[in-house]
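Reader: I have a model open and would like to talk it through with you. Shall we take it piece by piece?

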Amino acid sequence: MTTTATPPTTTAPAKPAGRRGTDLSWTVLSYALAVLLAFVVSGIVIAALGHSPVDAFRAILTTSFKSSFGFVETVQKWVPLVLLTLAFTIPLAAGKYNIGGEGQLLVGATAAAAVGIILKDAPMVVLLPLVLLVGVLAGGVYAWIAAWLMDRFGVNEILSTVLLNFVSFGIVDYVASEVWSDPAAGHPTTVPIGDGGLLPLVGTPPMHTGVVLAVLVCAATVVVMRRTVPGFELRAVGTNPRAAQVHGVRIGRVAVGSLVVGGALAGFAGAIEVAGVHGKLIEGMQSNYLLLGIIIGLIARGNALAVPFVAFGIAVLEVGASAMQRTADVPSEMVLIVEALILLFLLFSDVVGTRLRRSSR
Amino acid sequence: MTSVDETRREVREGASGPLLTMEGIRKTFGSVLALDGVDLTVGRSEVHGLLGGNGAGKTTLMNVLYGLYRPDSGSVVLDGSPVDIRDPRDAISHGIGMVHQNFLQVDTYTVTENVVLGTSLPSWPSLDLDDPAERIAELSKRFGLTVDPHAKVATLSVGLRQRVEILKALYRGAKVLVLDEPTTNLTPQEVDSLFGSLRAIVDEGMSVVFITHKIRETMAVCDALTVMRDGKRVGTVRRADTSASELATLMVGDDAAVGRVTEVVTAGMGAAAGTAATGAPARDLGDAPVRVSVRDLVVLGDHGVPATHGVSFDIRRGEVVGIAGVAGNGQVELAEAVAGVRALEKGAVEVDGEPLAGRPTAVWLESGVAYVPEDRHRDGILPSASIMENLVLGAQRSVRFRKGPFVDWKAARRHAEEAIRAYSVKASGPSAPAAALSGGNMQRVILARAFSHRPGFLILHNPTRGLDIPSTQFVYDRVREAAAEHSAVLLMSEDLDELTHLCDRVLVLYSGRIVGERTRGHYDQYELGHLMAGLEDTA
Amino acid sequence: MNEATSFLQLVVTAMVPFILAAQGTMIAGRAGVFNVAQEGLMMLGASVGFLVSLKMGGNLVGLLVAALVGAAFGWFLGWVTTRFRLDQFVIGLALFFAATGIASLLYKVVIGVTLKPPLIDTLPDLEIPLLSSIPVVGTVLFTQDVMVYFAFLVSGLLYWMLYRTNLGLKLRSVGENPKAADSLGVSVARTRIWCSTAGGALMALAGAYLPMTYTGTYTEGIVAGRGWLAIALAFFGGWRPQYILAGSAFFAGMEVLALRVQVGGVDIPHQFISMLPYAATLLVMMFALRWASVPAFLGRNYDRESRH
């Protein structure tokens with residue numbers, strides 16, 4: 001599929017529209033209904049499996065707020081989630097699907113860990129910015145490969161980004177078990193990076209300061225998308241690439257740029273995970289952030305302002321998932337199904353909403 | 001499936017009275033009332049014209065007949081018995097065939113495959129298309145619709161593809177054949193041949209509904225006609241009992257309105273295509289300097305094959321130059337190339353002395369090039385974006401709408417409010433989404449955008465396609481205004497009437513080459529048609 | 001049996017999941033439905049196929065139930081994208097998550113967390129009389145399990161159906177120009193739903209084959225990107241069953257080669273070898289797309305009353 005032949009997506013890119021009043025209340029209602037229905041349906045499933053839905057949901061929803069440990073864990077989980085979501089939604093605004101956040105995160109983490117290990121004696125003022133910057137650059141470059149294949153050869157970006165994920169697994173495995181392997185770990189893991197490369201911690205229990213950086217990234221994204229010329233051009237390409245091209249927007253460049261920026265943010269997430277959470281590169285550290293990033297992006301309908309909030313909600317569910325498995329004996333995968341159901345019900349609410357509006361005319 | 005012969009017999013033996021009656025057809029799209037209780041009666045063996053400006057509801061009415069749209073209310077009686085048409089399958093089984101304006105063909109299929117698609121055919125052990133191909137050849141001979149049954153339709157000209165569409169209906173044994181604006185993109189010679197086929201078809205007992213907005217065509221081929229305006233039927237007359245000017249009044253409505261938009265209606269009224277020298281005598285451009293110079297242009301089409309081969313022309317200040325030609329002869333590529341959207345393979349384009357070849361589109365826009373594309377939905381607007389955002393598009397990097405890296409949305413809003421007023425755009429305000437606009441209002445937004453930076457070179461490609469009469473008139477007025485303000489205007493149109501009416505000079509494009517040129521005062525549509533068909537210039 | 005013959009025999013076995021998943025992608029795609037949930041549907045197929053085989057009597061039942069579950073997902077995709085015209089990619093991704101989640105959930109619910117996972121029998125080889133005694137070819141092509149024959153048969157049937165029957169003529173027109181098809185009485189929605197259903201069944205079968213031929217059990221990483229590679233294969237094969245069948249040999253070859261090189265002790269870090277199928281696919285995609293044609297309406301929903 002050549003990229004120019006890709007039809008403009010109609011549902012995904014969000015934009016500020018008119019008629020705010022009724023739209024807003026409908027939006028809130030549809031989200032509430034989707035969440036409620038998803039919990040009802042999965043509650044039935046949990047009950048059918050012979051467990052208590054009430055215990056399960058209590059574990060899911062309260063773990064984040066019962067203790068400050070739970071809350072810090074949730075916030076720290078929110079960081080990679082929100083960054084991977086933006087890595088998905090920024091290209092999506094230009095009509096491109098970046099399904100490669102996982103690979104971009106891993107390559108960013110690998111690069112960050114490499115710098116942190118090679119320069120482990122460097123002072124913090126040098127090493128920390130370097131670790132983060134290298135992670136950002138590596139993620140961006142990795143996404144650029146897919147963008148280049150798309151722009152130059154017409155390779156579908158869904159495929160190229162996904163396949164690069166699998167390539168990145170090999171890279172991580174190699175670095176963690178051959179190059180800087182920590183044989184004591186019993187699992188492909190590198191030796192720790194230098195102390196100067198670690199993000200400072202604040203509060204008790206300690207929370208890494210990458211959280212602040214992620215908040216700043218979110219705010220910047222909202223401003224860029226809504227207020228700036230590149231943001232406008234990005235949305236124009238997403239709404240109708242042909243019309244944008246006819247009116248002087250370099251659509252190839254915008255699409256490539258959006259993927260590279262997305263990759264850079266995923267790489268940033270990888271660097272933060274290394275510098276803030278693990279202090280080293282660990283195989284499998286990407287967890288299921290890619291899937292969750294896509295789900296959050298779709299639930300937030302690509303709206304940059306909604307992303308941080310939806311991401312927080314999902315982070316709560318994810319932190320609660322393991323507690324649910326421990327206390328209510330319900331497999332943690334149940335949460336993935338809850339999330340998929342929220343998304344599906346939300347999509348259906350569009351249909352219902354359109355019908356209602358049509359019939360009320 | 002009934003064959004043509006059976007149809008003929010049935011019709012001869014059948015009851016007298018009308019073949020088709022549609023009564024009180026009403027159809028809304030969202031909040032838009034497209035058809036307001038329309039009646040239509042088509043007699044046996046007649047060509048029935050359905051006349052009206054674009055947006056009058058002609059196509060919508062026929063799409064209801066063909067089962068593509070479900071009417072909100074109304075009834076259809078065919079051959080004396082009421083029928084319920086839910087989808088095209090029902091329509092086909094009741095003997096209704098329709099030739100759509102945009103041909104509904106599978107490009108990768110052969111003529112035969114396109115014709116038989118959807119009919120039942122034996123498939124064991126393997127699909128046999130030899131018998132259908134023979135029948136198609138037989139039908140095409142009988143009705144003067146010659147076409148090779150084994151050719152891929154993608155390789156056929158517009159005229160031949162239209163024959164395929166008609167054959168599709170005949171093959172299915174249509175009793176009523178609907179043709180939607182069938183003369184669009186045909187040369188006058190091809191139009192004559194089409195009219196010949198239509199007569200052959202009604203002579204065999206079928207009836208034809210002929211949708212058009214050109215009075216001249218209804219006078220040339222119809223036995224009776226129904227005039228529509230604003231989703232209503234405004235009159236049904238026999239051709240023998242009417243006149244072109246009476247039809248014009250019916251089409252437009254009250255006499256005052258006729259005054260405002262006569263130009264559009266009369267452009268399509270010219271008594272017969274053959275009469276030479278339509279329009280006023282040549283305009284004196286004096287010694288106006290050349291503003292746009294195009295030299296030896298070679299542009300590649302979408303498949304990497306050259307679509308134009310060394311096109312050269314100049315446009316002077318205040319001059320309107322037309323490009324005539326059958327669609328698919330390089331128009332799209334030429335328009336996009338001189339608009340700076342498509343890269344030039346070879347050649348040069350200069351606007352006001354500035355060479356633009358090889359520069360990014362944005363530079364062309366800054367140099368005063370403005371482009372009104374043919375397909376406004378695909379190339380012209382951002383559907384889900386607001387009118388305001390659509391008006392900013394293309395100028396987002398200019399100082400008018402920019403403050404540092406930020407878009408100046410306040411200035412954009414002011415500009416949008418002004419444009420909505422100046423161009424009489426019917427919309428709730430600058431924030432209304434562009435997709436909600438009607439075709440005419442959408443085109444007004446696009447024109448407002450094109451004119452907002454006083455274009456030195458204005459390119460319009462089929463700018464009135466699908467527009468209602470007032471909007472068409474609005475476009476004509478803007479073209480005149482641009483010329484009066486010294487723009488160089490390039491008008492590419494599938495409508496010869498429009499070209500001969502508006503242009504100072506018409507170039508004919510055939511197979512990517514300029515094959516002829518006529519200046520105002522020397523227009524002869526048959527001559528132009530001759531050139532458009534690729535025949536040598538005899539003048 | 002010499003080295004080359006056994007290598008080829010393994011390649012033919014490895015072709016099966018690629019053939020089935022890519023033909024499933026193809027048949028849905030030819031009607032205009034672009035299913036991007038393969039990876040998830042293959043996981044689900046693997047999980048369901050394994051569990052049913054283990055608990056409810058045998059591989060064939062497992063394959064059948066997996067196919068039915070896949071068909072249900074395919075049907076859902078076809079239904080919501082035609083009836084409600086929801087975005088195909090978004091729904092596809094949602095189904096991908098749902099299928100992935102359900103696959104792991106089912107395994108955990110039925111088996112739980114164990115150190116020693118239970119095993120099912122792998123599919124036995126069936127020797128085709130006479131043909132299997134041809135040297136080399138007999139071993140490579142005719143000493144295989146039932147799903148190998150099934151995959152080739154399905155490919156042949158799809159080719160015949162698409163290009164030699166009236167049904168195929170209608171089906172392809174829906175993916176090329178649904179408006180034209182609709183105007184001639186071909187039901188766009190019904191065609192799309194059926195094709196998407198069939199496609200989903202084939203994808204789940206592709207997944208169910210994995211535990212039945214390789215591992216004997218279900219693991220989270222069992223599909224390992226084969227679903228995504230199958231989409232690449234569909235593009236690579238120009239959405240034509242015969243080229244997809246041929247192209248699957250390349251994908252399977254890469255996979256078996258990567259295994260062989262690792263086992264064979266060549267002096268390349270095994271991590272790089274494991275990247276081979278994915279990297280090679282990207283390389284091939286760079287050049288193969290120039291001639292590959294794609295159904296014109298792939299991934300695009302059709303609205304009859306859309307006015308433009």
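Reader: Which residues in α5(A) meet α6(A), and which residues of α6(A) do they meet?

Author: Happy to start there, bearing in mind that this is a predicted model. On the α6(A) side the contact involves Glu157(A), Ser160(A), Thr161(A) and Leu164(A). By class, the contact of the two helices has 6 nonpolar, 2 polar and 1 charged residues. The residues of α5(A) that meet α6(A) are Tyr142(A), Ile145(A), Ala146(A), Leu149(A) and Met150(A).

Reader: At what angle do the axes of α5 and α6 of chain A cross?

Author: Two packed helices are described by the angle between their axes and the distance between those axes. Here α5 covers residues 124–153 and α6 covers residues 157–179 of chain A, and their axes come within 9 Å. The crossing of α5(A) and α6(A) is right-handed. The axes cross at roughly 150°.

Reader: How much of residues 158–176 of chain A is helix?

Author: An unreviewed UniProt entry lists several stretches of chain A as "transmembrane region", including residues 158–176 and 207–225. Over residues 207–225 the chain is 84% helix and 11% strand, with the end C-alpha atoms 29 Å apart. Over residues 158–176 the end C-alpha atoms are 27 Å apart and strand makes up 0%. The helix content of residues 158–176 is 100%.

Reader: Turning to chain C, which element gives the most to the side that touches chain A?

Author: In that pairing, 38 residues of chain C are in contact with 39 residues of chain A. Elements giving two or more residues on the chain C side are α4 (88–110), α10 (226–236) and α12 (270–288). By class, that side of chain C has 27 nonpolar, 8 polar and 3 charged residues. With 14 residues, the element that gives the most is α4(C).

Reader: How many helices and strands does chain C have?

Author: From the N terminus on, the elements run α-α-α-α-β-α-β-α-α-α-α-α-α-α. Counting by type, chain C has 12 helices and 2 strands.

Reader: Why does the radius of gyration of chain C agree with a compact globule?

Author: The C-alpha trace of chain C spans about 65 × 45 × 40 Å along its principal axes. Of its 308 residues, 56% count as buried. The radius agrees because a compact globule with 308 residues would have a value near 19 Å, and chain C has 20 Å.

Conventions. Residues numbered from 1 in each chain as written. Chains lettered and ligands numbered in written order. Predicted model: local features only at pLDDT ≥ 70, side-chain atom pairs only at ≥ 80, totals over all residues. Contact = placed C-beta atoms within 7 Å. Helix = DSSP H or I, 4+ residues; strand = E, 2+ residues; numbered from the N terminus. Nonpolar A, V, L, I, M, F, W, Y, C, P; charged D, E, K, R; others polar. UniProt positions renumbered as here; feature names shortened; annotations may be inferred. Rg over C-alpha atoms; globule rule 2.2 N^0.38 Å. Buried ≥ 20, exposed ≤ 12 C-beta atoms within 10 Å, placed from the backbone. Axes fitted to C-alpha atoms, helices over the stretch in contact; angles between N-to-C directions. Left-handed = near helix turned anticlockwise from the far one by under 90°.
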